[in-house]
Amino acid sequence: MGIRIANVSKHFGSFQAIDNVTLDVDSGSLVALLGPSGCGKSTLLRLVAGLEQPNQGRIWISGTEATGRTVQEREVGFVFQHFALFKHRTVRENIGFGLELRHWKPEKIRWRVEELLNLVQLQGYGSRYPSQLSGGQRQRVSLARALAVQPKVLLLDEPFSALDAKVRKELRSWLRNLHEETRVTTVIVTHDQEEAFEVADRIVVLNEGRIEQIGSPSEIYDNPTTPFVLNFVGEVNRLPNLDPTLQAGDSYVRPHDLELLDRPGPDSFPAVLKRLTHLGRDLYAELQIDNGEKIIAQLSRDAIDFKQLQPGVTLHARPKLVRTF
């Protein structure tokens, strides 16, 4: 087992940041903690790292209980949102800093640093200073420094959120490839759904200090177990109850599961087109239904004769897949 968290709670005064959380992270896996701001995901990561102590519960790392251990004793690598590099040290010196503290021999440090420079694809940058690197390069140095001490687990707290969208996307792919090479048990905190879906083997969705759902990216998206997960992960339309067998409850339909017809059909309902947005090969149709609610349909350009559509026209929406809670 890589990490085991058992019945862990943490409060700050009257605020309950983590509420009786139990979670197993398999050895060698990459798990994403996903949720909105304030849901407890960074606090949970800091509890694993030893930067915070739980008010109740126990934590194991690689089969050894770590609850009462210091940060150093836990042997974790931690990468923060902001790069936290030493400005006056070169890339090589930054990467080797933790090894110096552990009194590694100089020649062994040089060998390990060069190995990591190759691993993070920064060959030839060892003599530069952080100010001479791009944001993406600085974050790769941070990851190399965290990996230098050969940690039992690697913990990443929103490591790419300070970077622009293009660099974030590049680093997500790079991180996934890096994990395939190192197979270090890794937990990444993010509020970016696309990031979690792209890099993680499993996703843990948190809300108000509790776990809402654990599953693979496809399980989280295709089979959400609560309305919160359905609404948080991807776009969704909330409709009046479309299931006549239920006395109460709301029906939810993903935009791509909503078909638009130019005439009434089985299980369809009228919707007035308010706006049509062209997004490359896809179209986004903003519509208003009888109860005044706005809904969105996502469809391909060949699904409807969009050139004839004008705002104000009445179409007929037909859900292809409905989820009711």
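Modeller: Helices (H or I, at least four residues) and strands (E, at least two) are DSSP runs, numbered from the N terminus, and two strands pair if DSSP finds at least two bridges between them. This is a predicted model, in which local features need pLDDT of at least 70 and side-chain atom pairs count only at pLDDT 80 or more, while totals for chains, interfaces and linings use all residues. Residues are numbered from 1 along each chain as its sequence is written, and side-chain values use heavy atoms, with hydrogens and water left out.

Let us look at strand 1, residues 3–12. Strand 1 pairs with strand 2 (residues 15–25) in the antiparallel sense over 7 bridges, and His11 has Gln16 of strand 2 as its bridge partner. These two strands form a hairpin with 2 residues between them, where Gly13 takes a positive phi near 65°. Strand 1 is also joined by 5 bridges to strand 4 (residues 56–61), again running antiparallel, and here Ser9 is partnered by Gln56.

For comparison with a helix pair, helix 5 (residues 135–148) and helix 6 (residues 165–182) pack at an angle of about 25°, their axes lying 11 Å apart; axes are lines fitted to C-alpha atoms over the stretch in contact, and angles run from 0 to 180 degrees between N-to-C directions. The two helices are therefore roughly parallel to each other, a term for angles under 35 degrees. The contact (heavy atoms within 4.5 Å) involves residues including Leu143 of helix 5 and Trp174 of helix 6.

How values were computed
Angles under 35 degrees count as roughly parallel, over 145 as roughly antiparallel, 65 to 115 as roughly perpendicular and the rest as oblique.
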